[in-house]
Amino acid sequence: MASSSENNFEDSLDDYFNQYFNQAFETLSMRHQEEGRKQRKKRAYIEGHREEGHIRLWNDYFSETPTYPENFFRQRFRMNKRLFMHIVDRFSNEVEFFQQTQDALGRNSLSPLQKCTASIRVLAYGTAADAVDEYLRLGETTTRSCVEHFVEGIIYLFGEEYLRRPTPTDLQRLLDVGEARGFPGMVGSIDCMHWEWKNCPTAWKGQYSRGSGKPTIVLEAVASYDLWIWHAFFGPPGTLNDINVLDRSPVFDDIINGQAPQVTFYVNEREYHMAYYLTDGIYPKWATFIQSISLPQDPKSALFAKQQEAVRKDVERAFGVLQARFAIVKNPALFWDKVKIGKIMRACIILHNMIVEDERDGYTQYNLKEFQQEEGTGSSHVDLDFDREMPTNIANMMDARTRIRDNPMHEQLKADLVEHMWTKFGHL
């Protein structure tokens with residue numbers, strides 16, 4: 001009897017405990033579900049009237065009698081209307097994202113003009129993605145998507161033409177300009193700039209932060225007299241100086257691989273075959289670099305230093321114009337993904353070169369017709385018959401690398417340039 005009563009008591013206790021546990025669990029589950037419903041908010045739908053945004057944009061800039069004249073368009077879009085419409089036309093025909101479609105109700109989507117204008121405004125002014133919502137009727141996520149597709153489209157459609165190595169014709173023009181400025185064989189100037197990366201991952205900040213304590217990404221570029229950027233190497237961390245960046249850069253890959261055109265020029269009646277860049281003092285004394293003379297002690301050296309430092313400013317001017325045209329490159333980068341940051345920089349450089357080509361005759365300091373030599377009279381020439389398909393065996397590559405880094409050739413060329421500069425400009 002005692003054992004049966006004990007068993008009944010234990011069974012009752014177990015039933016009571018199970019019932020109490022189930023009730024408590026159900027209560028907690030219901031409370032958690034209610035809290036989840038309170039925290040989850042439905043995404044608000046805002047009717048932006050995108051058709052009105054397109055009509056307003058069209059009437060302001062693209063109609064036969066626009067509200068704002070051409071100079072306002074050039075100021076706000078950073079380019080002439082003809083060039084912008086060429087970009088919009090290519091995008092609307094060749095990039096699916098920018099092609100206008102209709103939904104199930106027959107309502108038109110955002111127009112290519114709205115998407116391209118929003119992208120240009122974000123790049124030009126460096127503003128937040130939702131800054132164009134009130135005028136163009138694009139939401140924040142849509143604008144960000146437009147910018148990403150826009151920079152990818154610019155690289156895909158125009159990158160091969162507007163971020164290319166100099167062709168033999170380009171190279172001959174650069175050599176002619178360099179000779180007229182007192183530097184036969186000079187094809188541009190090279191330097192580096194830094195772009196601050198605000199949202200750099202914490203784990204990478206030590207690698208990308210330099211003396212200022214702010215993480216940056218380095219751009220190495222080569223620019224010519226008309227501010228065209230011929231070479232752009234973007235991505236090294238900000239702790240690297242110009243020499244470290246040069247070690248990683250592909251700037252001389254064409255020469256090493258035997259794909260660069262053969263160049264011949266004369267300085268002080270001496271023949272040379274390796275074109276060069278003007279640089280600041282940090283770059284090594286190679287045959288392809290010419291630096292200024294620090295603390296010149298005689299009139300010849302002083303004149304050379306003055307001319308070299310003046311002409312070398314081409315790349316500094318190119319950096320300044322690039323940042324002035326596209327404030328997104330001047331302001332700290334807000335993207336987390338370094339690949340997207342690199343695409344933005346590359347697209348801005350391509351757009352910059354497109355603007356340079358469209359407006360070159362209007363602002364360049366030099367009139368090519370004034371100093372272009374008749375065929376055979378100039379001292380700088382590009383050998384069009386040179387075999388650019390030289391086998392890229394290790395011996396040829398090492399020989400080209402040795403010629404690039406030839407220090408005695410650098411010293412000889414620099415001395416000849418000092419004499420040439422004094423002969424050309426010393427009487428002035």
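## Start at a helix

Select residues 81–94: this is helix α4, whose 14 residues reach 20 Å from first C-alpha to last, close to the 20 Å expected at 1.5 Å a residue. Keep in mind as you go that this is a predicted model.

Now show the side chains. Lys81, Leu83, Phe84, Ile87, Val88 and Phe91 are the buried residues of α4. Turn the view until you look down the axis of α4: its buried residues fall within an arc of 165°, so they line one face of the helix.

## Into the core

Next, which residues touch the most other members of the largest nonpolar core? Pick out Phe84, Ile87, Phe91, Leu123, Phe150 and Leu351, in a core of 106 residues. Helix α15 (residues 338–363) gives this core its largest share, 11 residues.

Zoom in on Leu351. Leaving out residues up to four places away in sequence, Leu351 touches Met79, Ile87, Ile120, Leu123, Phe150, Ile154 and Phe326.

## Last stop: Ile120

From that list, click Ile120, which sits in helix α5 (residues 112–125). Is Ile120 buried or exposed? Its relative accessibility is 0%, so Ile120 counts as buried. Beyond its neighbours within four places in sequence, Ile120 is in contact with Phe77, Met79, Phe84, Phe150 and Leu351. Finish by drawing a C-alpha to C-alpha line from Ile120 to Phe77: they are 43 residues apart in sequence and 6.5 Å apart in space.

Key: Residues are numbered from 1 along each chain as its sequence is written. This is a predicted model: local features need pLDDT of at least 70, side-chain atom pairs count only at pLDDT 80 or more; totals for chains, interfaces and linings use all residues. Side-chain values use heavy atoms; hydrogens and water are left out. A nonpolar core is a set of buried Ala, Val, Leu, Ile, Met, Phe, Trp, Tyr and Cys residues joined through side-chain atoms within 4.5 Å. Buried means under 20% relative accessible area, exposed over 50%, partly exposed in between (1.4 Å probe, protein chains only). Helices (H or I, at least four residues) and strands (E, at least two) are DSSP runs, numbered from the N terminus. Contact means heavy atoms within 4.5 Å. The expected span of a helix is 1.5 Å times one less than its number of residues. The arc is that of the directions from the helix axis to the C-beta atoms.
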